[in-house]
Amino acid sequence: GQSAIVDAVYTAVNYVAEHNKAVPGRRKAVLLITDGEDRLSSYKAEKLIDLLRKQQVQVFVLGFTLDLDDAPVPTKTSPREKAENLLKSIAEESGGRAFFPRNDKQLMNATLQFVSDLAKQFRVTYQSSSIDDPKKTFRKVEVKVTSPDGDKRTAIVPRGYNVQAKPMDTKSP
């Protein structure tokens, strides 16, 4: 097919962000089910990543890439690797997750993980104390989770956040 994956996610993220504007603090998420082979997108992946950072919409991906050619083309990545890299990037940048099931059992596990991820999340907020470089509004943030009982815990978070510059006080003395 002539899938425009980047365009589809860009449109979905814009829709979800706009639809949820009325309820501040409401979680925003998109579930993308695809083979990941992008063709004919008018938006570039970099523009989508920028939108994901600004709108704070999580994208969870179920990638069916098994049927894509995995033979590397000389000096290029294989169609399967290219598709999986795109889908992983979208998921990771947004704070979502990507799964690439190879059989029915992996598909069931991925589905259960999506349900768990969506049901058991909570919000961690970040506020920058200053903006060192006004042109640099994206801040990388690393979140580590430790459990007092030793259970393995995973933090599913975006790679960082956009920092909004505070408007300058325009009042005169």
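P101 counts as buried because its relative accessibility is 8%, where buried means under 20% relative accessible area, exposed over 50%, and partly exposed in between (1.4 Å probe, protein chains only). The model is a predicted one, in which local features need pLDDT of at least 70, side-chain atom pairs count only at pLDDT 80 or more, and totals for chains, interfaces and linings use all residues. Residues are numbered from 1 along each chain as its sequence is written, and side-chain values use heavy atoms, with hydrogens and water left out.

P101 is located in the loop between β3 (98–99) and α4 (104–119); helices (H or I, at least four residues) and strands (E, at least two) are DSSP runs, numbered from the N terminus. When neighbours within four places in sequence are set aside, P101 is in contact with L62, G63, F64, Q106 and L107, contact meaning heavy atoms within 4.5 Å. The C-alpha atoms of P101 and L66 are 8.2 Å apart in space, although these residues are 35 apart in sequence.

F99 in β3 is the bridge partner of L62. Strand β2 (residues 58–63) and β3 are joined by two bridges in the parallel sense; two strands pair if DSSP finds at least two bridges between them. Three strands make up an open sheet, in the order β1-β2-β3, with parallel pairing. β1 (29–34) and β3 stand at the edges with a single partner strand each, so one side of each has no neighbour in the sheet. Helix α4 packs on this sheet, where α4 touches β1, β2 and β3, and its direction makes about 170° with that of β2. For such angles, axes are lines fitted to C-alpha atoms, for helices over the stretch in contact, and the values run from 0 to 180 degrees between N-to-C directions.

Leaving aside neighbours within four places in sequence, I90 is in contact with V9, L48, I49, L52 and V59.

L40 is exposed because its relative accessible area is 67%, and L40 has a positive phi of about 70° although it is not a glycine. S41, at 17% relative accessibility, therefore counts as buried. Beyond residues up to four places away in sequence, S41 touches A4, I5, V6 and D7. The side chain of S41 reaches the backbone nitrogen of D7 at 3.3 Å.

Finally, the chain can be viewed as a whole. The protein contains four helices and five strands, which follow the pattern α-β-α-β-α-β-α-β-β along the sequence. Of its 173 residues, 32% count as buried. Among contacts with a separation of 6 or more, 72% join residues 24 or more positions apart.

Key:
A polar contact is a pair of N or O atoms within 3.5 Å; within protein, one must be able to donate a hydrogen and the other to accept it, and residues adjacent in sequence count only if both atoms are side-chain atoms.
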